[in-house]
Amino acid sequence: MAEQKTLIQMEDVTVRYSNGTEALKQVNLEVAKGDFVFVVGSSGSGKSTFIKTLLGEVPVFSGNVHVAGRSLNQMKRKQRPYYRRNLGVVFQEFRLLEDRNVFENVALAQRVIGVSRDRMKKNVTIMLDMVGLSKKSKALPKELSGGEQQRVAIARAMVNRPGILLADEPTGNLDPNNSWEIMMLLEEMNRLGTTVIVVTHNNEIVDRMKKRVVVLNQGSLISDQEKGGYTQ
């Protein structure tokens, strides 16, 4: 079997905020291409900082972060927006444009990278079909349920076919049924080749899905288990 390629590497990463708080403390982690990883921990454990570090939103105080062969430590500020175009990101709050319909919300990610109109229409149509929303392409976000809005957010995150999808509490505002449907959708994206990292506090989903589980506690990585459940 061919060796899996390391896609994300964190070496002794410490993130220290201006008030002196160390949100991450000497974190070491490798994520292989095609992996599916849950990042869990109690409030204040460093989960959100972990995501922000991979997005290049917070600077590393010490250590090194490499994503897809690129060093985030050496990346200039003006390069970061272009770097983020290669990442798909899903948030708890959906973050859809309320005055744009479903199609336009997803197409926005394509416009940012300059995709042609014809190609954009094809790509967006494919993604809406994949997330089960082809019949609601002209609906506004306010006309959708929470689960449907999160599906739009996932379609938007995935339409540019990023190698990595970062999901920060993607089921935080959803009921159990919608939460499970969203996780099945993320698993499908993973099967198609996208590396998926999910920050969550939903222990039930983590236990049921039997994926790799990384546990943070007060900024330190205290556990990294393959296909393990998690109980606080």
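Author: Strands are DSSP runs of E with at least two residues, helices are runs of H or I with at least four residues, and both are numbered from the N terminus; two strands pair if DSSP finds at least two bridges between them. Here strand 3 and strand 8 (residues 195-199) run parallel and are joined by four bridges, and within strand 8 the bridge partner of Val37 is Ile197. Four bridges also join strand 3 to strand 9 (residues 212-217), again in parallel, where Val37 stands opposite Arg212.

Before going on, please note that this is a predicted model, in which local features need pLDDT of at least 70 and side-chain atom pairs count only at pLDDT 80 or more, while totals for chains, interfaces and linings use all residues. Residues are numbered from 1 along each chain as its sequence is written, and side-chain values use heavy atoms, with hydrogens and water left out.

Reader: Which residues point each way from strand 3?

Author: Buried means under 20% relative accessible area, exposed over 50% and partly exposed in between, with a 1.4 Å probe and protein chains only. In strand 3 (residues 36-40), five of its five residues are buried: Phe36, Phe38 and Val40 point one way, whereas Val37 and Val39 point the other way.

Reader: Which residues have the most contacts inside the largest nonpolar core?

Author: A nonpolar core is a set of buried Ala, Val, Leu, Ile, Met, Phe, Trp, Tyr and Cys residues joined through side-chain atoms within 4.5 Å. The largest one has 40 residues, and those with the most contacts inside it are Phe36, Phe38, Leu128, Ile154, Met183, Leu186 and Val198. Helix 5 (residues 146-158) gives the most to this core, with six residues. Apart from it lies another core, of 30 residues, among them Met10, Val13, Val15 and Leu55.

Reader: Why is helix 1 largely enclosed by the rest of the structure?

Author: Seven of the nine residues of helix 1 (residues 47-55) are buried, so the helix is largely enclosed; Lys47, Phe50 and Leu54 are among them.

Reader: What does the side chain of Lys47 reach, and which side chain of opposite charge is nearest?

Author: A salt bridge is a side-chain nitrogen of Lys or Arg within 4 Å of a carboxyl oxygen of Asp or Glu. Lys47 is buried yet has no salt bridge, with Glu169, the nearest side chain of opposite charge, 4.5 Å away. The side chain of Lys47 does, however, reach the backbone oxygen of Ser42 at 3.4 Å.

Technical notes: Lys and Arg count as positive and Asp and Glu as negative; His and the chain ends are not counted. A polar contact is a pair of N or O atoms within 3.5 Å; within protein, one must be able to donate a hydrogen and the other to accept it, and residues adjacent in sequence count only if both atoms are side-chain atoms.
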